[in-house]
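Me: I have a structure on my screen and would like to talk through what its labels rest on. Could you go through it with me?

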Amino acid sequence: MENTFLATAAFGLEGVVANELKRLGIPAKAEQGGARFTGTLAQAFEANLQLRTADRVLMILAEHEVYTFEDLFQLTSSIAWERLLTRDGMIHVSGKCVRSQLMSVRDCQAISKKAIITRMQQKLGISRLPETGTRFPIDIAVVRDNARITLDLSGDALNRRGYRTWNGEAPLRETLAASLIDMSPWRTQMPFYDPCCGTGTLLIEAAIKATSKPAGLSRKFACEDYPFMPKEEMAAVREKAQASYSADAPFSIAGSDLDPEALKLCAKHIAQAGFTGKITTSLTDLKTLTLEGDTGVFLCNPPYGERLSDLKHARVLYGELGKLLKRHPGWKMGVITSDAAFERYFGRRATKKRRLYNGRLECEFFIFE
Ligand SMILES: C[S@@+](CC[C@H](N)C(=O)[O-])C[C@H]1O[C@@H](n2cnc3c(N)ncnc32)[C@H](O)[C@@H]1O
């Protein structure tokens with residue numbers, strides 16, 4: 001049986017997630033907030049296990065116009081919760097209301113939860129739900145009078161790969177790093193270099209791509225505890241994903257930074273991700289960086305100079321990035337920053353630009369080919 005799912009994405013990255021799903025053989029369509037696909041529960045599990053760029057995978061349970069609390073109650077009651085949840089399941093309802101007649105998130109949450117409990121009690125013939133067992137995160141999103149009720153299959157957000165247990169200064173979210181890599185001109189057989197690698201997120205995400213490592217291989221997903229998920233098929237999906245992981249695939253991924261503390265964290269993250277000895281890093285100021293050998297792609301997330309006092313330094317560094325690219329004919333470069341004047345300080349106009357967000361910060365991804 002097929003269901004409809006939404007692999008959620010940060011603003012501007014919906015198409016990147018849809019393309020990643022398509023590469024997994026799952027036809028998907030980008031829409032606001034993510035990429036929608038129809039498939040089996042095993043495919044939804046595969047999406048959780050493999051996707052590098054999505055934030056979560058949600059199962060869409062119902063979608064309909066709602067104008068009153070009664071409409072919302074009826075819509076929530078129409079879902080066969082007794083087939084989805086366990087008797088002792090902990091029902092956690094989150095919500096949002098945007099430009100709709102129903103604008104009280106708290107009331108929408110309460111009404112939906114009441115509808116779920118009432119249906120469970122009636123269908124199972126029980127008077128009390130202890131809510132002591134598996135947690136079921138359910139979301140009610142009412143946007144322009146359309147309600148969408150979803151069950152989160154991921155649990156912890158998918159950026160939690162498990163390799164980052166220490167946080168450096170301003171690390172890049174793993175899913176954003178993976179998206180920048182997908183949007184960049186880098187192909188896995190080319191050299192990849194991050195000249196301000198910090199704690200190593202871009203380097204590790206590039207290695208995950210180069211080795212076809214399932215991004216969530218070392219973690220668990222909420223849906224693994226859901227009773228309706230096909231356990232055997234999920235085990236087969238995991239086995240197949242593990243088999244397609246070419247841990248020994250050759251790649252050339254390296255980086256440098258001038259902060260020794262960041263490089264220490266970087267080494268720990270590389271070890272946690274299983275790439276020790278394969279990704280090389282060094283303590284180098286990018287002003288003096290010169291690389292020999294084949295041409296490739298520089299990708300980096302330099303300081304943005306968000307505080308005015310830091311902006312001058314950041315802009316000097318943008319000029320240095322421009323010179324770095326000039327010193328390396330044939331190389332390409334991708335840079336993400338929130339500084340709209342970036343190209344002026346870099347010294348060249350970008351070949352392509354993509355607007356996106358790094359957390360709450362509006363940024364642009366500049367590509368120089
Ligand atoms: C925003 S952080 C990068 C974070 C990184 N993407 C991560 O995931 O941790 C910017 C990095 O640029 C480094 N940096 C600043 N000036 C530099 C320079 N001249 N040469 C090399 N690295 C520099 C900083 O030390 C810092 O680690």
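**The ligand and its shell**

Reply: Gladly! Around the ligand there are 21 residues, and the closest are Cys 196, Gly 198, Thr 199, Thr 201 and Asp 259. Please keep in mind that this is a predicted model.

Me: What makes a residue one of those that surround the ligand?

Reply: The test is a C-beta atom, placed from the backbone, within 6 Å of the molecule. For this ligand, 21 residues make up the surroundings.

Me: How do you know how many of the shell residues are nonpolar, polar or charged?

Reply: Each residue is sorted by its type, with Asp, Glu, Lys and Arg counted as charged. The shell then divides into twelve nonpolar, five polar and four charged residues. Among the closest ones is Asp 259, and Asp belongs to the charged class.

Me: Which domains does the protein chain have?

Reply: The domain assignment gives domain 1 as 3–152 and domain 2 as 174–211 + 246–368. Their C-alpha centres lie 36 Å apart. Ten residues from domain 1 and 13 residues from domain 2 take part in the contact. On the side of domain 1 that touches domain 2, five residues are nonpolar, two are polar and three are charged.

Me: Why are E2 and E5 called edge strands?

Reply: Start with the order, E2-E3-E1-E4-E7-E6-E5, in an open sheet of seven strands with mixed pairing. Strand E2 (28–31) and strand E5 (90–98) each pair on one side only, and they are the edge strands. From one strand to the next, the twist averages 30 degrees.

Me: How do you know that E4 and E7 pair?

Reply: Pairing needs at least two bridges, and strand E4 (residues 56–65) has seven bridges to strand E7 (residues 146–152), so the two count as paired, in the antiparallel sense. In this pairing Met 59 has Leu 151 of E7 as its bridge partner, and Glu 65 stands opposite Asn 146. E6 and E7 are also antiparallel, with six bridges, and there Ala 141 is opposite Arg 148 of E7.

Me: What makes E7 a mostly covered strand?

Reply: A residue is buried if 20 or more other C-beta atoms lie within 10 Å of its own. Five of the seven residues of E7 are buried.

Me: And what makes H2 mostly covered?

Reply: Nine of the ten residues in helix H2 (residues 41–50) are buried. Leu 41, Phe 45 and Leu 49 are among them, and so are Glu 46 and Asn 48. These buried residues of H2 pack against E1, H1, E3, E4 and helix H8 (231–244).

Me: Which strands does H1 lie across?

Reply: Helix H1 (residues 14–23) lies across strand E1 (3–8), E2 and strand E3 (34–39), at about 175 degrees to E2. Helix H5 (residues 105–124) lies across E5 and strand E6 (135–143), at about 140 degrees to E5.

**Positive phi values**

Me: What makes Glu 131 stand out?

Reply: Most residues other than glycine have a negative phi. Glu 131 is not a glycine, yet its phi is positive, about 55 degrees. Glu 131 is placed in the loop between H5 and E6.

Notes:
Residues numbered from 1 in each chain as written. Predicted model: local features only at pLDDT ≥ 70, side-chain atom pairs only at ≥ 80, totals over all residues. Helix = DSSP H or I, 4+ residues; strand = E, 2+ residues; numbered from the N terminus. Axes fitted to C-alpha atoms, helices over the stretch in contact; angles between N-to-C directions. Contact = placed C-beta atoms within 7 Å. Buried ≥ 20, exposed ≤ 12 C-beta atoms within 10 Å, placed from the backbone. Domains from an automatic or database assignment.
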